[in-house]
Amino acid sequence: MRKRNRTQMENAEVKMAGETDIKRSRQMGDGDTGSVGAENGQAGNSHAGSGQNKMAVMPMNTLLLTMSVPLMLSLLVQSLYNIVDSIFVSRYSEQALTATSLVYAVQFLMIAVGVGTNVGLNSLLSRYVGAKKNEDACRAATTGLILNIASALIFSLVGIFFAKPIAGLMTSDPELKTLCVQYMRVCVIFCYGTFIQTYGQRLLQAVGDTILSMISLISGAIINIILDPIMIFGLFGCPEMGIRGAAIATVIGQCVGAVVALVLNKTKNPVIHVHFKGYHFNTSDVKAIYRVGMPTIVMQAIGSVMTFAVNAVLMSVSTTAVAFFGVYYKLQNFLMMPMNGLGQATIPIVGFNFGSGNKDRIKQAWKCVVPAGIVMALIGTVIFLAFPKQLLGLFAASEEMLSIGVPALRIISVTFVFATMTIIFGYFASGLGNGVINMIGGAIRQLVVLVPLVWVFTNFFGISYTWYAMWISEVLAFVYSFTSIRKETKKKAGF
């Protein structure tokens, strides 16, 4: 569960990118479509040599496919990386799996800050690149590097001085607390790799190179997957390090990904480079970065708060319940990756055509993306309904975990269509320049309604009823998002 769910974090990137596209399109007209493409990583290519942006002329089904598949693959690789990592930890001990689930709330907050900062940086860099202000882009990239190092330093200090008190808030079990401290200290103190890797990826994406960005991500994931069993179980002469070994493998993988990302930027990025010679810190760049990045950080922090709160409730039941929730969250993230990729591809398409006033194309996008999302969600529902025991078996589930998890996965699977539609509607609204729908929908799903209901159902009805809280939160989020997006499309797109 622990690193990366940057999966969900990509959601925040597209919301801000869509808003930026629309504003720039309105201000600069059709002649700025190339810069719009730069910001979204793919939109700047012409179609069939016609000189027109492909988002204006390519058949919608084909356009969605070509733009979403690379994103889906990248997200699936990252999510698979998380799942494989947890599989190794679960085979060491269920206590170790529980500890990683608890520490995940801290890691998620750390990732949120890194992703949010670099989403804002990506938006600023893309505007500079689109306006051909390359010197400003290089200055902003240097400022971004400083901000990432400063953020990593703050978390590193937290890991050094506050790991034990934070672990004490998570659990009173001495053994589990020790495991949490071991894992947290390594991941948080040496978090520089995850910040710099995300930074390097966004620099590549700002000039439209999503392939190289994906390579840097995959390289770190592969290293981590290779090192996990070696360091956890002590293979090939390596000492057995247990959960601390899992953390070290994680950090090494992140550092390798960071190095690869920096090298690719140095050798393959034609525009953006870090220059400290003659550099002047520009506060306007910082404001621009966090004007976009701070809402992203806040929205992603909701996930961290939710995880911490739900784990606290489940801890009163058993550590196995906490371990199951961690497993479910990873499986659910993996399931949602194709939907997230589809939604991320939708944002620049809707934003571009909204900015250029092409309402017919927006309607075409709606008619394509909504059915596609429903089909994907139904496939996930069938998998969770039919194979819950097999899914949990991947994580060496005990009989107690199976007794909790098998019915829970079946109950939760009913919500997948509602969750998918809420996500898709949020993406679509972001493309139309409204990021509030996405944020409120996410808050209803993950925090405002869910957490109180989890507490009520668990304490008054028992763990077997806990998961029905998701039925209520997902349906309410869907109703809000559907009502809001229909008003938005009627107002801005005429349908």
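The model is predicted: local features need pLDDT of at least 70, side-chain atom pairs count only at pLDDT 80 or more, and totals for chains, interfaces and linings use all residues. Residues are numbered from 1 along each chain as its sequence is written, and side-chain values use heavy atoms, with hydrogens and water left out.

## Overall build

The protein chain holds 20 helices and zero strands. Helices (H or I, at least four residues) and strands (E, at least two) are DSSP runs, numbered from the N terminus. Of the chain's 495 residues, 62% count as buried. Buried means under 20% relative accessible area, exposed means over 50%, and partly exposed lies in between (1.4 Å probe, protein chains only). A contact means heavy atoms within 4.5 Å. Among contacts with a separation of 6 or more, 81% join residues 24 or more positions apart.

The expected span is 1.5 Å times one less than the number of residues.

| Helix | Residues | Length | End-to-end C-alpha span | Expected span |
|---|---|---|---|---|
| α11 | 283-315 | 33 residues | 44 Å | 48 Å |
| α15 | 399-413 | 15 residues | 21 Å | 21 Å |

Even so, α11 bends by about 35 degrees at Gly-293. A proline, Pro-295, follows within four residues. The bend at a residue is the angle between axes fitted to the seven residues ending there and the seven starting there.

Helix α15 also comes close to its expected span. A kink of about 25 degrees lies at Gly-405, shortly before the proline Pro-407. Gly-405 is buried, and the buried residues of α15 also include Met-401, Leu-402, Ile-404 and Val-406. Further along α15, Ala-408, Leu-409, Ile-411, Ile-412 and Ser-413 are buried too.

## Buried residues and distant partners

Asp-85 sits in helix α4. Asp-228 sits in helix α9 (residues 210-233). Asp-85 is buried, at 0% relative accessible area. Asp-228 is buried as well, at 0% relative accessibility. Leaving out residues up to four places away in sequence, Asp-228 touches Asp-85, Phe-88, Ala-246 and Ala-249. Asp-85 and Pro-229 are 144 residues apart in sequence, while their C-alpha atoms are 8.8 Å apart.

Ala-112 belongs to helix α5 (residues 94-130). Ala-112 is buried, with a relative accessible area of 0%. Its C-alpha is 9.6 Å from that of Ile-302, 190 residues away along the chain.

## Cysteines

A disulfide is a covalent bond between the sulfur atoms of two cysteines. Here a disulfide is counted when a pair of cysteine sulfur atoms lies within 2.5 Å. How many disulfides does the count come to? The count is zero. The cysteine sulfur closest to that of Cys-255 is in Cys-191, 9.7 Å away, so the two are too far apart for a bond. Cys-255 is partly exposed, at 33% relative accessible area. Cys-180, in turn, is buried at 0%.

## Two loop residues with positive phi

Most residues other than glycine have a negative phi. Phe-236 has a positive phi, near 55 degrees. Phe-236 lies in the loop between α9 and α10 (242-268), and is exposed at 77% relative accessibility. Ala-396 also has a positive phi, near 50 degrees. Ala-396 lies in the loop between α14 (388-393) and α15, and is partly exposed at 39% relative accessibility.

## The largest pocket

The largest pocket has a volume of about 270 Å³. Of the 15 residues that line this pocket, the closest to its centre are Phe-334, Leu-335, Gly-380, Ile-383 and Phe-384. Helices α4 (60-92), α12 (319-355) and α13 (359-386) each supply at least two lining residues.

A pocket is found on a 1 Å grid over the protein atoms alone: an open set of points where a 1.4 Å probe fits, with protein on both sides within 12 Å along at least five of seven lines. Lining residues have an atom within 4 Å of a point. Grid points are joined across faces, edges and corners, and the volume is the space filled by probe spheres set on the points.
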